[in-house]
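Work through these exercises with the structure open. Try each task before you read its solution.

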Amino acid sequence: MAEKVTFKVFRFNPEKDKKPYYQDFEVEIRKPGMMVLDGLNQIRWEMDGTLAFRRSCREGVCGSDGLNINGVNMLSCITHISDLKPPIVIQPLPSLPVVKDLVVDLTDFMNKFFLVKPYLITYSPPPDKERLQTPEERKKLDGLYECILCACCSTSCPSYWADPEYLGPSALLNSARFILDSRDEGADERFEIINDRHGVWRCHTILNCIEACPKLLNPTEAIGELKKILIKKKF
Amino acid sequence: MKYFGSGRSGAFDWFFQRVSGIVLLVTLFLHFYVMHFAIEGPITYEKVMVRLSSPGWKALDIVFLIFAVYHAVNGFKLIIDDYVHSTVLRAVTIGLLWVMGIAFLTIGIMTIVNLRVQS
Amino acid sequence: MAMDKVEIHKHDIVIVGAGGAGLRAALAASKEVNTAVVSEVLPTRSHTVSAQGGVAATLSNVEPDDWLWHMYDTVKGSDYLGDQDAIEFLCRMAPEIIIELEHMGMPFSRLENGKIYQRRFGGHTKEFGKEAVCRSCAAADRTGHAMVHTLYEQCLKNGVTFYNEFFALQILTNEGHVVGVLAWDIVNGGFHLFHTKATLFATGGYTRIYRTTTNAHINTGDGLALTMRAGFPVEDLEFVQFHPTGIYGVGNLISEAVRGEGGYLVNKDGERFMKRYAPTVWDLASRDVVSRAMAEEIRHGRGCGPKGDYILLKVDHLDPELIHERLPGIWELAYVFAHVDCTKEPIPVVPTAHYSMGGIPTNLHGEVVLGSMDSPESPVPGFYAAGECACASVHGANRLGTNSLLDILVFGKVGGEKAVEFCQSLPEHVPLPENAGKEGIDEVKRLVDSTGDEKMDAIWEELRDTMEANCGVFRTEETLSKQKKILENLCERFKRVRLDDKGKVFNLDLIETLELGHMLEFSKAIVEGALARTESRGAHYRDDFPERDDKNWLKHTLAYLNEDGRIRLDYKPVRLKPLTVPTFEPKERVY
């Protein structure tokens, strides 16, 4: 007899429901190392096909399946069920509008990403071959370029919840990825955007983002680097 | 993109909150030391008043007052930033904060300046 | 549910799919004409993001290299089924397209002298097969992630129009011209018709039809099914690549780069068995050779583990610093999915369905072409394809690692540019046909209103298990015929499938069921092609016909979908003549 774990899943269908509610499902553990996503799929395919959530790669690289599980933001595809205390409460990412069940509207999150000009800006003409970059310079990008835009960090940040204008840890980390890239020439343009009450200075080092990031990145540290650079420039 | 808040970036406030925090911490230990270790014999009203009335201490106390008021007002302002979003309500609460801040500063400075030993 | 409203969008080009190929095409096209990109998911969720190992280009940063050797490796890797003109084009374009990508900001790993880091990879050799060469340009082991994010960022910079979370339902044609696509808005529900001068498909692969696969949930070959339904052929579907090192039990990919950095495979006796199968390059042989070797070892009882059904990939003899610097993603995957710290223990791996060499037939310009043994290739006006869903064919019967990331860039760019040329040559849009999109709309309505008794998952489970058993690494006439009947039965059952979710908003049930319908259609083409091809070539291996037969079978399979659901096969010759250099004549393939 296979072991069963209770999943308490947040449900909301905008076409039918006025308010969201929680629905219990008994998920059967069929193999060792089963992930929360495997459980959600089991629910979809065998118990209730109306459950909606995003998923794609199922190995923690695409960032589709950010969810709030037992109060903490994480990716459902790399979270072992056995690491969680049942009943497992699954909710959509906090503070974003809910489209349906566990699907949220990421428009605001993506807009903030677009705002920091997250692309290489160069004014000098490119060389014939690749632009050179030493391994030390390249190392600066480690911990920054791996961001998968899953929104776990920004939606776990109380400053992001409180301030609708706050860029958020992810956008700021991505701006750092370019500001610190030795090939980039657009640092000043970006500083103008992030050197703002709703930019880096809204970060009060609450540190939720570090706990939430599934790729083990450190947005607070990146934001700290940016603050240091800005203060040095000012004084 | 900016709905509310002044045009300032907040960089100075962030920096000075930390600077004033450190200053307050240092003065806290200084106060503790002076009160409990640097006075010879029992603490009396006269001894304390003599010290507080000296120009050196008055200057120090005024500096401490400025840092403390700044730190407190800035801190409260950040709390208001987190919870109060409507422009009208912000105008009211931050306005009250400014009034209270200036009041504390003024009354405080006046009190410190006018301290003297009763004769 | 009021489902009859169709919103029409007019653009010059629509690109379906926003992975590496789609984004590169969008970059090329959006500079010149009004371009729309339609994608099932947010672009950075596309499966390109999982690619790990690297992208091949003869930059000669580590040691001298030559595009002619790259071309030879690719032609040989394809077991001589690849079209040599397209392969020459691919290999010659490689260095410039990688440099272009680096200029766009891609964070490649670097050598001490500041140049792009290159490493060894399976199947890539110098001097026509002498020994392995450092040709794979990499960004640690997150090359695909870095690439897709860089391309997406560039698209944002250039203001490309994205229609995210739209699912393509039907290709619209008017007298042989492709005039656009019908799509379903996943988030809000509703039909959207994109009326364009040119349509480019970059919809990716299809190995989700197998139980054990490295692919994401979204890799269900939708572009191929839509192409077949529109009356166009699909090419070489029976060639499915089984990657040697997918994690046992789950299928997640462990990159070939691990073997490129010095890792190797052992059987239960601790023997490096690859030396018997590939005497020159051992574990860095081509993927089909390695997969078959592993499957042979398992078949002959030398597999590892309690059930003897996996092989071990050893990396623990390498410096842990090296693993954490060059292969950090691999370490994470092995830890999370196999519970193994690969700096201390070996990783259990099995051959896993990974890539589809076949696809929508194109020429080296990315134009979709019709043709057969007697008639030369002629492009379909307004239809283009690039990336894994296309078959140029640069990979022939088997793909070399790091060539796919190159394929998507080169043909994405070229396809986009060619589509732009076509648009600029057309003074105005070719009008839509009568009742444009009726079949797509009807299909959705039929599924939503269905009252049958079958559930999607039951059918899909059986599809996956049987395809793996009967149409996997080793195939025989018996297993393939059995599979053909099974598929017929599954298609019948699919007619009675019922949806749980009948809503409009984010109806994942509808999308998964539509995808299942697509998967059943081209699975029939795969099995039909495999059954007919009585030889073994590249990734297609027949136990009953183990030899390669160039006399009868040096040709591409084309599969058409008939009205009644049956598959009609045709063939077309391999384009053996390259652009400027002499042909690499088919030889016996040894590594």
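The exercises cover ring pairs, charges over rings and chain contacts.

This is a predicted model, in which local features need pLDDT of at least 70, side-chain atom pairs count only at pLDDT 80 or more, and totals for chains, interfaces and linings use all residues. Residues are numbered from 1 along each chain as its sequence is written, chains are lettered from A and ligands numbered from 1 in the order in which they are written, and side-chain values use heavy atoms, with hydrogens and water left out.

**Exercise 1. Classify the ring pair B:Phe12 and B:Phe16.**

Step 1. Take the rule: rings of Phe, Tyr and Trp (its six-membered ring) pair if their centres lie within 6.5 Å; planes under 30 degrees apart are stacked, over 60 edge-to-face, the rest tilted. This rule gives 27 aromatic pairs over all chains.

Step 2. Apply it. The centres of B:Phe12 and B:Phe16 are 5.1 Å apart and the planes are at 15 degrees, so the pair is stacked.

Step 3. Helices (H or I, at least four residues) and strands (E, at least two) are DSSP runs, numbered from the N terminus.

Step 4. Check accessibility. Buried means under 20% relative accessible area, exposed over 50%, partly exposed in between (1.4 Å probe, protein chains only). B:Phe12, at 35%, is partly exposed. B:Phe16, at 23%, is partly exposed too.

Step 5. Ring pairs join B:Phe12, B:Phe16, B:Phe67 and B:Tyr70 in a cluster.

**Exercise 2. Classify the pair C:Tyr206 and C:Phe522, and say whether C:Tyr206 is buried or exposed.**

Step 1. The ring centres are 4.8 Å apart and the planes are at 50 degrees, so this pair is tilted.

Step 2. C:Tyr206 sits in the loop between strand 11 (198-201) and helix 5 (222-229) of chain C, and C:Phe522 in helix 15 (residues 508-532) of chain C, so the pair ties together parts 316 residues apart in sequence.

Step 3. C:Tyr206 is buried, at 0% relative accessibility. C:Phe522 is buried, also with 0%.

**Exercise 3. Find a charge over the face of C:Tyr591 and one over C:Tyr560.**

Step 1. The test is NZ of Lys or CZ of Arg within 6 Å of the ring centre and within 35 degrees of the ring normal.

Step 2. C:Lys76 lies over C:Tyr591, 4.3 Å from the ring centre. C:Arg568 lies over C:Tyr560, at 4.2 Å.

**Exercise 4. Describe how the chains touch.**

Step 1. Contact means heavy atoms within 4.5 Å. Of the two pairs of chains that touch, A and C have the most contacts. Chains B and C do not touch; their nearest C-alpha atoms are 19 Å apart.

Step 2. Take chains B and A. Chain B supplies 18 residues and chain A 17. There are two salt bridges (a side-chain nitrogen of Lys or Arg within 4 Å of a carboxyl oxygen of Asp or Glu). B:Asp82 forms a salt bridge with A:Arg202, the closest N and O atoms being 2.9 Å apart. Helix 1 of chain B gives the most to its side, with five residues.

Step 3. Take chains C and A. Chain C supplies 67 residues and chain A 63. The salt bridges number seven. A:Lys215 forms a salt bridge with C:Glu332, with closest N and O atoms 3.8 Å apart.
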